[in-house]
Amino acid sequence: MSLKRTIGRNGLWLDSRVRSGQAGFVHQIPLVIRVAARVVGCCWWLTFSTQAAQETNVANYFTRVWQVENGLPQNKIPAVVQTRDGYLWVGTYSGLARFDGVRFTVFDKKNTPGLHSQRVTALFESTDGTLWIGHENGEVTTCKDEKFQPLKILAPWDSRKISAITADESGDVWLLNASGLLARVRDGLVLSPQTGTATKLLSLARATNGAIWVERDGRLSVLEHGQLRVVHPDWPLTNSTYVQGIGASRDGGLWVANNGRIRKWKDNQWTQDLGAAPWELAPLSRLIETSDGILVAATANTGIFLLFPGTDAPARHVNRFDGLEANWIPALMEDREGNLWLGSAGAGLIEMRTSHIQTISPPDHWRGRPLLGVCAGRDGAMWIGTEGAGLYRLQNGEWTNFSYTNFFNNSFVWSVAENTAGELFVGTWGAGMFMREGDHFKFAPILERMWTPVPALLAARDGGLWAGTEAGLLHYQNGTTNWFTEADGKSLRDVRCIAEATNGAVWFGMAGNGLACLENN
């Protein structure tokens, strides 16, 4: 699988691992297939290609969307789960799909005899590796070793949509149907959690100790050791109580969104209070805490919210106006690599992948001009050349712009490089090459009359500088020049890119004249 992104006109993307001393940008596809891509050189335009659908940069995540044209049986997805073998299973109303990171394998009534209903509404993997599949008509199917088997339901209840499936502390599997009843698969025992006044509001969360929490019509109950009890921590048991959603915390507690507030309940007491919930009184379809401690709340009409307990970071709201493609998110899960998977109510399967990249941009947004060259200085400064807005420096969080007056009335900075001595050079289009002197720039010594375009600069291993110019390849060091303008009777004009190999060979590409290699002069 390949991935597509385009960067350049509106911002510069930096990899946090590069800034911390690690090499390159590594992109990992979760699940079974992993692909890596590396940022090479000081490119102003980075491109990754894909057959998968849209990608945008939302907060610190990249989002990707898969739809019917990418292999899904349907774009409405009420259930998603990752099994221990790494596959992602996606439940839709037109069949079940298994995703390996590259393609979807679809199972439906036509090709899977054991799957009597293809309207999948709930998914769960038990400790023995069995995949449990709940259907809209109340039926349940199991899958073990790629064998699908319909399950006989012993529970004396009306056939209603299976909303959720989970297991308790003893490993017993429980079913939650659309009316809010719990049924134990082993013996058909049916329990009825108490109801509140918020009709059609239903969610389930399994704590790390195996306790099963159920929110039914705004009222909270817990199932422990086969016993069901109502929980009302410190509020009166009245009709004014409104539980909007619940989600298990990593430390064994339970996050509770109620009456427009979000708190954590653990060991029979509130242990954390995040105050007013950014979703206010909206009901939640899912609420999870990620492995990084981020709270993710999915709603039925306004996308998702990201909260960061224990930090000063403000909550983030992501919806279709931010590139999420959907506002109704009925399914939400985190995979083993920390990526979020969202099942939408019509927009397909959405992946939100944590990014090590941040977008930077000066207050004037580069004056709307493209970026052409990037160089990281030894003093921690970042230098960025633009096509028409001059040269920018980012240092200690402060932006400085060096405009056309610094480069002989030219604002087209195509290349930037720092040699091994820490001297910064700038190549322009039509005004020659300049050298930094404090906070000013002057013509590079002995090149005062070289006004040819310099679209490429590279620090040489010997301490000098390689410059790609319209006239040819230039080696510049300590005020001396060595030009390479012809080889084998062919012109070496218009050098646009340069790379130096470990053996000292210099490779350079030209606009219209091909690729050349300079070795042993």
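1. Let's start at a strand pair: T469 stands opposite G472 in β42. Strand β41 (residues 465–469) and strand β42 (residues 472–477) run antiparallel and are joined by five bridges. For the terms, strands are DSSP runs of E with at least two residues, numbered from the N terminus, and two strands pair if DSSP finds at least two bridges between them.

2. A word on the model before going on: this is a predicted model, in which local features need pLDDT of at least 70 and side-chain atom pairs count only at pLDDT 80 or more, while totals for chains, interfaces and linings use all residues. Residues are numbered from 1 along each chain as its sequence is written, and side-chain values use heavy atoms, with hydrogens and water left out.

3. Back to those two strands and their sheet. The sheet is open, with four strands in the order β40-β41-β42-β43 and antiparallel pairing. Its edge strands, each pairing on one side only, are β40 (456–459) and β43 (480–484). On average, neighbouring strands of this sheet are turned by 20° against each other, direction ignored; the angles use axes that are lines fitted to C-alpha atoms, and run from 0 to 180 degrees between N-to-C directions.

4. Strand β3 (residues 61–66) is worth a visit. Six of its six residues are buried, so the strand is largely enclosed by the rest of the structure. Here buried means under 20% relative accessible area, exposed means over 50%, and partly exposed lies in between (1.4 Å probe, protein chains only). In a regular strand the side chains alternate between the two faces of the sheet. In β3 both faces are covered: Y61, T63 and V65 are buried on one side, and F62, R64 and W66 on the other.

5. Which strand do six bridges join to β3? The partner is β30, and the two run antiparallel. W66 has L349 as its bridge partner in β30. Also in β30 (residues 349–354) is R353, which counts as buried because its relative accessibility is 4%. The side chains of R353 and E351 are joined by a polar contact of 3.4 Å (a pair of N or O atoms within 3.5 Å; within protein, one must be able to donate a hydrogen and the other to accept it, and residues adjacent in sequence count only if both atoms are side-chain atoms).

6. K200, in the loop between β15 (190–191) and β16 (202–206), has a phi near 65°, a positive value in a residue other than glycine. K200 is exposed, with a relative accessible area of 84%. F408, in the loop between β35 (398–402) and β36 (413–418), is not a glycine either, yet has a positive phi of about 55°. At 46% relative accessible area, F408 is partly exposed.

7. F408 also belongs to one aromatic cluster with W383, F402, F407, F434, F441, F443 and W451. Rings of Phe, Tyr and Trp (its six-membered ring) pair if their centres lie within 6.5 Å; planes under 30 degrees apart count as stacked, over 60 as edge-to-face and the rest as tilted. The count comes to 22 aromatic pairs. F99 and F104 are stacked, because their ring centres are 4.2 Å apart and their planes at 15°. F99 is buried at 1% relative accessible area, and F104 is buried at 11%.

8. The charged end of R98 sits over the ring of Y87, 4.7 Å from its centre, and that of R263 sits over the ring of W270, 3.9 Å from its centre. The rule asks for NZ of Lys or CZ of Arg within 6 Å of the ring centre and within 35 degrees of the ring normal.
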